[in-house]
Amino acid sequence: MTYAEAVARLTALRGGELAGMRPGLERIQALLAALGHPEERYALVQVGGTNGKGSTAAMLAAILKAAGRRVGLYTSPHLVSFRERIRVDGEPIPEDAVVDGVEALGTLVARLDATMFEATTALALDHFAREGVEVAVLEVGLGGRLDATTVGRPVVTILTRIDLDHQAVLGPTLAAIAAEKAAIVRAGLALSAAQAPEAAAVIEARARAQGVPLLVEGRDLFVTVRASGLAGQRLECAGPDWRLEDLHLALLGRFQASNALLAVAAARALGADAAAIRAGLARVRWPGRLQVLPGEPTLVLDGAHNPGAAAALAAALRELFGPAPITLVLGVSADKDAAGILAALAPVAARLVLTRAATPRAADPAALRALAPPALPVEVAPDVTAALDAARRPPTTPVVCVTGSLFLVGDVLRALGGNENPWPVETAAASMGRLGPGDAG
């Protein structure tokens with residue numbers, strides 16, 4: 001079996017690349033049992049929430065690596081290469097390990113009718129065991145209570161900001177969504193971002209019911225942004241009995257401060273010292289999330305796919321670029337709140353180019369046109385290449401921002417890189433080099 005055949009076998013499973021997730025733990029438990037329960041061979045950290053969970057997981061993994069721990073990182077979806085989902089010490093899973101993992105799962109995934117996400121999760125956990133990781137950091141795929149990453153007994157669980165998203169699956173209210181996400185709190189130590197009152201109450205109740213100590217941003221954990229710009233941010237983080245000043249965070253956007261605080265608190269609970277925390281935060285990169293690629297025009301990539309993330313992106317664009325005119329290249333998935341996303345971003349846009357990612361999930365850009373403010377100049381482009389061409393034609397703006405979907409951002413990165421090589425998550429990662437170390441910031 002070749003690597004391409006192995007990935008094709010995974011994407012052919014239920015859900016494939018379109019959804020890939022189906023609530024329920026029976027199938028992942030059966031897969032892990034067949035593999036000898038690899039999840040029991042290392043410490044588990046599970047990161048849930050609505051926005052920022054991937055960034056938080058990446059920051060924590062970078063810190064733990066700097067602390068000398070062998071660390072696995074499991075995230076989704078990927079931007080360019082399937083291999084981005086599974087990393088050990090920042091390095092993506094080798095192609096032959098993907099083949100070995102798919103062969104190890106054999107026909108069991110078909111017998112169980114497992115989804116792509118379930119099979120990939122099992123493959124990742126098995127790979128981590130084979131590679132001898134000490135800590136595995138797992139980003140929740142969807143919700144939490146019935147997500148395939150909710151396995152074993154975590155030593156730390158993290159909940160980033162919870163917002164409205166996936167209501168058709170998780171429930172119509174913030175409290176219902178919070179209940180699904182807070183269910184990952186079941187052992188060890190729990191950490192939570194500052195939440196809306198209805199979400200905070202659900203998280204507090206879950207932690208009490210499980211007898212899990214809970215540290216909450218704004219009550220037990222605190223972060224202050226001392227400086228912020230295109231070179232990164234300077235943060236001060238503090239907890240019940242500790243304080244770290246003048247931390248340099250390479251990731252952009254003030255919204256990352258809360259995520260960094262949670263990563264720092266988790267790292268401290270896992271034994272990382274101040275030097276490792278400083279080194280990890282300074283080196284971490286998270287492609288496709290407020291990623292700035294210098295040039296003319298400056299290109300900003302951000303996978304904001306719900307109104308909360310879009311509002312955070314709009315604030316970040318104004319902070320980073322001031323009143324500079326911005327061309328917004330927008331494409332969303334058909335199941336997303338396109339009106340809410342566009343309402344949050346339209347005020348910072350001088351021009352709007354509507355397009356679609358190369359996925360069946362993408363909404364028709366022509367249908368989105370009616371959602372744009374009447375005074376905003378709008379163009380429609382059939383794909384990301386045409387959209388970027390349109391964005392660079394007069395009347396040009398000094399900044400072009402591509403957003404609305406991680407699939408769309410992945411299309412841009414693939415077009416820029418010209419291949420399927422995984423994008424790095426640290427400045428020192430061996431795979432860096434296509435656009436230069438500073439460009440993944």
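Which helix gives the most residues to the lining of the second largest cavity? Keep that in mind as we walk through this predicted model.

**Stop 1: colour by confidence.** Across the protein chain, pLDDT averages 91, and 94% of the residues score at least 70. Now select residues 429-441, where pLDDT stays under 50. The model has 31 contacts beyond four places in sequence for this stretch. Where pLDDT is low, the predicted coordinates should not be read in detail.

**Stop 2: look for empty space.** Rolling a probe the size of a water molecule over the atoms shows where such space is left. Here the count is 5 cavities of 30 Å³ or more.

**Stop 3: the largest cavity.** The space inside comes to about 80 Å³. Its lining divides into 6 nonpolar, 2 polar and 3 charged residues.

**Stop 4: the second largest cavity.** This one has a volume of about 70 Å³. To see its lining, select Ala-58, Ala-61, Ala-62, Lys-65, Val-71, Leu-73, Arg-87, Asp-89, Gly-90, Val-425 and Glu-426. Two elements each give two or more residues to this lining: helix 3 (53-66) and strand 2 (71-74). Helix 3 answers the opening question, giving the most with 4 residues. By class, the lining of the second largest cavity has 6 nonpolar, 1 polar and 4 charged residues.

**Last stop: residues on both lists.**

Definitions and conventions
Residues are numbered from 1 along each chain as its sequence is written. This is a predicted model: local features need pLDDT of at least 70, side-chain atom pairs count only at pLDDT 80 or more; totals for chains, interfaces and linings use all residues. Side-chain values use heavy atoms; hydrogens and water are left out. pLDDT is the predictor's confidence in each residue, from 0 to 100. Contact means heavy atoms within 4.5 Å. On a 1 Å grid over the protein atoms alone, a cavity is a set of points where a 1.4 Å probe fits but cannot get out, and a pocket is an open set with protein on both sides within 12 Å along at least five of seven lines; lining residues have an atom within 4 Å of a point. Grid points are joined across faces, edges and corners, and a volume is the space filled by probe spheres set on the points. Ala, Val, Leu, Ile, Met, Phe, Trp, Tyr, Cys and Pro count as nonpolar, Asp, Glu, Lys and Arg as charged, and the others, Gly among them, as polar.
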